[in-house]
Amino acid sequence: MKKVLVMVVVLTIGLTVLAGYLFRALLAPLLALLFDWGILLAGVAGLIGIGYLIHMNLSKLARREKGAFFSVVVIIAFVFTLVSGLVMTPQSPFFRDLILNVQIPVEASLLGILAVTLVYTSLRLVRSRGWTPMSIAFLASAILSLILNLVFINIPTDTPLSYLMMFIRRLPLIGVRGILLGMALGGLVVGLRVLLMIDRPYGE
Amino acid sequence: MTWSFIGWVIIGLSAGLLFGLSFLIKDFDIYQIRWPAMISRLIASRASAIEQGKKRQVVLGHQLWSHTYPGLGLHTLSVLPDFLDPESVVDGGQSVSGGDGSLVVFARQMITGRYRDGFSLALQDASLESKLYGPTPLSFTAGFLPELGMDPQGSLALFGDYGPEAALWVEAARTRHGRVFAAAGSIDSQASLFMTVPDLLIGEEVYMLPGLLSPTSKNRAGWLTEDFVRIILILMIVFGAILKMVGVL
């Protein structure tokens, strides 16, 4: 019975949202209400998620698992941010400076590590994938893009070479567009499978 | 005829094909499985990790819903049940994590739902929990990396919507001798993981994963629908390009 109820709710809401694209003016108030509910539920789920995060770290601490020290840091940082945010409010310039001056350097250092990792892995590309047409094409296009994006390459406009360069520069866009079309098609089929009750991830 | 109308025709056609083919395709062998070697390696690495008592990580991505990739979050939840079999969870070595509160909450619902269905007593154990290491991509990475570095890793399976930071997770898992399988949904993750992960699904292949893990006639109907619509789209694009070249459009 519970499963049937869930299916009816999913089907009704799904078809209403879909119909909203056809009869936008007629269903606008209902759609706004449904989206508001959705945002509210997502917000509550986000809060529960944060609860899980704290619970996980407290459990680690209680069980004295490996890496409990990191959990102490997480909990202290969380409590400090929460209390100072409640006291000073997120609009306070001092609070924003306090948080952002920690968050931005930490995230920037992670991005720095990521950049080094990507360079290192690109050097190992052939070793991990071998000399396949895909790996050669990937490597060649990456090197070509890097060269073409060098600022000191200036080609006179309205020449055959400039058109060729423009064509080569647009090639990655074509690839991205092709992948996005495929993804959209996959997303469409996933959505339809849920609407037609072929897939029921919510019913597990 | 407007672009919106063409979009509705494609949606209607897909729905019709999916509905019709779901009833028509009953025979499992009518449409062959794709990339079986990749899936076999994923299953083998997970089995080997269980035998060796190593950790198995399942990452569900950073978002349940996004503008650019709207179906990815939902899709990742469709994949999760295939990783909740009794063998995978009984030793407490499996971990399911995500970077979005709603994803993690839904994943936990699915885990407890499986238990309620009488599927596995092991799922009742607190050892299998969906975890949120951080609510943003980089905070998730900061929380997840120490986790990967602590114990020997058997397998790391990446699904859903995540970015290039996945390259860091892969390197961390590799350092601990973990085998990586990734279904890279976003363009950024595809580009960064192509260099390191041989078992990588990209583009629309990502959406075929539930069917690859548990090949049923309904999943194959989905593949066949995608293939039909893809061919139609290709023909439409070629036709449109020709019309543009001759000056009709």
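Start with the surface of chain A. In this predicted model, the accessible surface of chain A comes to about 14,000 Å². Carbon and sulfur atoms hold 76% of that area.

Now color chain A by secondary structure. You will find 7 helices and 0 strands. Walk along the sequence and the pattern reads α-α-α-α-α-α-α.

Zoom out and look at the outline of chain A. Its C-alpha trace spans about 65 × 50 × 40 Å along the principal axes. The radius of gyration of chain A is 26 Å, while a compact globule of 204 residues would have one near 17 Å. How many of the residues of chain A count as buried? The share is 24% of the 204 residues. Next, take the contacts in chain A with a separation of 6 or more: 25% of them join residues 24 or more positions apart.

Move to chain B and select its strands. Here 6 strands form an open sheet, with parallel pairing. Trace the order across the sheet: S3-S2-S1-S4-S5-S6. Which strands of chain B stand at the edges? They are S3 (130-132) and S6 (200-202). Each has a single partner strand, so one side of each is left without a neighbour in the sheet. Look along the sheet as well: neighbouring strands are turned by 15 degrees against each other on average, direction ignored. As background, strands of a sheet pair through backbone hydrogen bonds, either parallel or antiparallel.

Select S5, residues 179-184 of chain B, together with S6(B). These two strands pair in the parallel sense over 3 bridges. Find Ala182(B); opposite it, in S6(B), stands Leu200(B).

Finish with the nonpolar cores. The largest has 34 residues. Select Phe83(B), Phe159(B), Phe181(B), Leu201(B) and Leu209(B), which have the most contacts inside this core. Which elements each supply at least two residues of the core? From chain A there is helix H7 (160-195). From chain B there are H2 (36-51), H3 (72-79), H5 (101-116), S5 and H9 (209-213). H5(B) gives the largest share, 4 residues.

Then select Leu114(A), Leu168(B), Ala184(B) and Phe194(B). They are among the members of a second, separate core of 28 residues.

Conventions: Residues numbered from 1 in each chain as written. Chains lettered and ligands numbered in written order. Predicted model: local features only at pLDDT ≥ 70, side-chain atom pairs only at ≥ 80, totals over all residues. Heavy atoms only, no water. Pairing = 2+ DSSP bridges. Axes fitted to C-alpha atoms, helices over the stretch in contact; angles between N-to-C directions. Rg over C-alpha atoms; globule rule 2.2 N^0.38 Å. Buried < 20%, exposed > 50% of the residue type's maximum accessible area, 1.4 Å probe, protein only. Contact = heavy atoms within 4.5 Å. Areas by Shrake-Rupley, 256 points an atom, 1.4 Å probe, with all protein chains shown as cover. Core = buried A, V, L, I, M, F, W, Y, C linked by side-chain atoms within 4.5 Å.
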